[in-house]
Amino acid sequence: MKARILGTGSYLPERCLTNDDLAQWLDTSDAWIRERTGIGRRYVSEAGTAEMAVRAAKAALENGGISAEEVDLILVGTMTPDYFCPSVSCQVQCALGADRAACLDISAACSGFLFALSTAQAYISSGMAETVLVIGAETMSRVVDWEDRGTCVLFGDGAGAAALQAGETGILAVDMGCRGSKGMALSCPAVPLQNPTERARYEENSFIRMDGQEIFKFAVRTVPDTVRRVLQAAGIPAEEISHFVFHQANRRILLSVAKNLGIPMEKVPMNIERTGNMSAASVPVLLDELNRKGELVRGEKLVLSGFGAGLSWGSLVLEW
Ligand code: ACO
């Protein structure tokens, strides 16, 4: 059996910060941010990650005609949980009343939704689960340093979800990978180590640190490779793909990836202008927007691809 997406949902906060808003306290400009990233604004949430995840999940279940009682497994890709414990997925289970579900958060940053989808495929194809709810949810606003113009302009908050069930078609091939040796190119420290015998060894703050150029180079090299590999594994040529739903990190990265792969930009949807980089939420929010606009036709083949901190990447080919 294969994991098939039956429904999608998403939630974006009401409050929005434009580039001009940021320029009120940062030495930056709308022109700089747009030119270097393609971002015009981003959402910032008053709600936590779990609350956004629940809203997206409810919408996905409703869209797919699946009840909460049917769900066997809830997977949440996130790097910004509200608590170390309970997990976001357990909070979602409680809010939905999905009492039969096992719950697991997956920490793979911007690749989190893809790693969660591939886990859903593994559970479903092995027969360990029949109905899986996969969510990508982030409150990136809580981990960026709002005084650091090199990072805070990039990120936004949001949540997206997909409800999957076992079927004859669905996810056709996956390609996942990590390069831990480059991990510190994008880091976000946890609570400092401190106990009666050990002095604090890590940095004091918990904000994102990033070597932007290193990440940029990683993305433009790695994403074409993973997409080629996953297409080959599926035995499907790029021309047969109707949409390449990429993680929305930077417009220039996506232009470069599309050029490298020889795919027309009409097949590379983008919402980064409105949302910024929502890490694990990027791909499912964009997927839901396409679905609700009626742009996804059953039987068509899609590529989904995420990449980012870890460093990590994950791609899959699916039949919609
Ligand atoms: N506004 C104005 N100036 C800025 C800003 C800003 N927001 N940010 C940096 N600058 C300045 C720098 O200080 C530097 O000034 P200097 O020349 O006086 O030293 C100058 O702009 C150039 O800085 P660079 O870092 O070289 O700029 P670059 O062209 O590399 O663009 C960017 C930076 C946009 C971060 C780019 O490297 C990038 O997009 N990298 C990818 C990072 C990414 O996508 N991260 C997301 C998380 S991971 C993921 O999702 C894949």
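Trainee: How far does a polar side-chain atom of Arg149 lie from an oxygen atom of the ligand?

Mentor: Good place to start! Keep in mind that this is a predicted model. The distance for Arg149 is 2.9 Å, from a polar atom of its side chain to a ligand oxygen.

Trainee: And how far is an oxygen atom of the ligand from an N or O atom in the side chain of Gln213?

Mentor: For Gln213, that distance is 2.6 Å. His247 also has a side-chain N or O atom 2.8 Å from a ligand oxygen.

Trainee: OK, and how much of the ligand does the protein bury?

Mentor: The protein buries 73% of the 1,000 Å² that the ligand exposes when taken alone.

Trainee: Which pocket does the ligand sit in?

Mentor: You'll find the ligand in the second largest pocket. Helix H2 (30-37), helix H6 (212-234) and strand E12 (301-308) are the elements that each give two or more residues to the shell around it.

Trainee: Which of them gives the most to that shell?

Mentor: That's H6, with 4 residues.

Trainee: Which residues come nearest to the ligand?

Mentor: There are 23 residues around the ligand, and the nearest are Thr28, Arg36, Gln213, His247 and Asn250. Sorted by class, the shell has 10 nonpolar, 9 polar and 4 charged residues.

Trainee: Why does the ligand lie between domain 1 and domain 2?

Mentor: Because domain 1 (2-168) and domain 2 (173-319) both give residues to the shell around the ligand, it lies between them.

Trainee: What about Ala109, is its phi positive or negative?

Mentor: Ala109 has a positive phi, about 50°, even though it is not a glycine. Look for Ala109 in the loop between strand E5 (102-106) and helix H5 (112-125).

Trainee: Why point these spots out?

Mentor: Because most residues other than glycine have a negative phi, and most peptide bonds are trans.

Methods. Residues numbered from 1 in each chain as written. Predicted model: local features only at pLDDT ≥ 70, side-chain atom pairs only at ≥ 80, totals over all residues. Heavy atoms only, no water. Near = heavy atom within 4 Å. Polar contact = N/O pair within 3.5 Å; in protein donor to acceptor, adjacent residues only side chain to side chain. Areas by Shrake-Rupley, 256 points an atom, 1.4 Å probe, with all protein chains shown as cover. 1 Å grid on protein atoms, 1.4 Å probe; cavity = no way out; pocket = protein on both sides within 12 Å on 5 of 7 lines; lining within 4 Å. Sits in = over half its atoms within 2 Å of the grid points. Nonpolar A, V, L, I, M, F, W, Y, C, P; charged D, E, K, R; others polar. Domains from an automatic or database assignment.
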